Amino acid sequence: MTTTTDTTNSTLDKGLSLYTALEPFLYPSLNPALVLGQDISHHCPSLMYGELSRETLQKALALIDEDLGGLPPRGEGSFIDLGSGIGVQVFVAACMWGWKRCLGVEIYEKRAKLAREALRRWEREVVGERDRGGGGGAGRGEGANGKSSSQEQSDGRGGSGNCRCSDRDVPFPPTLAVDFACGDVIDLGVEGFQVLLLVSAAFTDALMKTLAIALDGQPVGTFAICITKGLPSPKWEVVHKEEREEPWGRAWLIIQKKIVA
């Protein structure tokens, strides 16, 4: 008998494998481990670069869906990465679950530019293939400022068939609506996301307090996946905490849930 847990794990496992297949097309000449940061981190530690392991995001999404109340119904929820760097985790999330949209927000322009370059490849190699007949019609999504974003799937359940990706067949991701914004989340005023990611290990305590205030408008039931530092607010309850090995060393995976409006 297949359980909900088995189904979720299978979906996330397939999504992780899918991202692994797509990554060479999204980042053809970039080693994320060597990206940026050194030139600015001594001026502002909050901008230090560290790429979260894909397995940690997979584990967090599995915990939310299986033990903590459930992920949003496919095609209805939205995912945002606050401090998205070059955009890797946004694409990972898009491959793992059927979101209405996935958005990354990055304040450092050079990293945001690399994310947008990867997005252009995504639109050409993945979304463009579906528009050319690989799996049905596509609509338009919206970014944080309400402007058009990457093309999204028409029903939130993902396209049928495969995309070619430079003559290499891979399945269509369950989410095609991906976008990136360069700027401060405080100024952008993002709201209405059901799952937030904050790789906040290098964020200052003051920045975490500012983010907690900025995220006060998120609806009750929203989940925040934080790394090492959680949101310091009584409105966000810690519902899971565990230590994990990340590319830069040991770090805490903290999952919080918005419990007060």
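In this predicted model, strand β1 (residues 78-82), helix α3 (residues 88-96) and strand β2 together form a right-handed β-α-β unit. The two strands of the unit run parallel and are joined by five bridges. Within this pairing, S78 lies opposite R101 of β2.

The helix of the unit is mostly covered, since nine of the nine residues of α3 are buried. They are V88, Q89, V90, F91, V92, A93, A94, C95 and M96.

How many of the six residues of β2 are buried? Six of the six residues in the stretch 101-106 are buried, so β2 is largely enclosed by the rest of the structure.

| Cysteine | Relative accessible area | Closest cysteine sulfur |
|---|---|---|
| C95 | 3%, buried | C102, 9.1 Å |
| C102 | 1%, buried | C95, 9.1 Å |

The strands β1, β2 and β7 belong to an open sheet of seven strands, arranged in the order β7-β2-β1-β8-β9-β11-β10, with mixed pairing. β7 and β10 (236-246) stand at the edges with a single partner strand each, so one side of each has no neighbour in the sheet. Neighbouring strands of the sheet are turned against each other by 15° on average, direction ignored.

In general, the strands of a sheet pair through backbone hydrogen bonds, in either a parallel or an antiparallel manner. The antiparallel sense is found between β10 and strand β11 (residues 249-258), which pair over 10 bridges. Within this pair, R244 has A251 of β11 as its bridge partner.

The loop between β9 (223-227) and β10 contains T228. This residue has a positive phi of about 75°, although it is not a glycine. T228 counts as partly exposed, because its relative accessibility is 30%.

Helix α6 (residues 205-214) has buried residues M208, L211 and A212. These residues lie on the same side of α6, because they cover an arc of only 100° around the axis. Against which elements do the buried residues of α6 pack? Their contacts are with α5 (185-188) and with β8 (195-198), and β8 is a strand of the sheet described above. The face of α6 turned away from the buried side carries the exposed residues A206, K209 and I213.

Definitions and conventions:
Residues are numbered from 1 along each chain as its sequence is written. This is a predicted model: local features need pLDDT of at least 70, side-chain atom pairs count only at pLDDT 80 or more; totals for chains, interfaces and linings use all residues. Side-chain values use heavy atoms; hydrogens and water are left out. Buried means under 20% relative accessible area, exposed over 50%, partly exposed in between (1.4 Å probe, protein chains only). Helices (H or I, at least four residues) and strands (E, at least two) are DSSP runs, numbered from the N terminus. Two strands pair if DSSP finds at least two bridges between them. A crossover is right-handed if, with the strands pointing away from the viewer, the path from the first strand over the helix to the second runs clockwise. A disulfide is a pair of cysteine sulfur atoms within 2.5 Å. Axes are lines fitted to C-alpha atoms, for helices over the stretch in contact, and angles run from 0 to 180 degrees between N-to-C directions. The arc is that of the directions from the helix axis to the C-beta atoms. Contact means heavy atoms within 4.5 Å.
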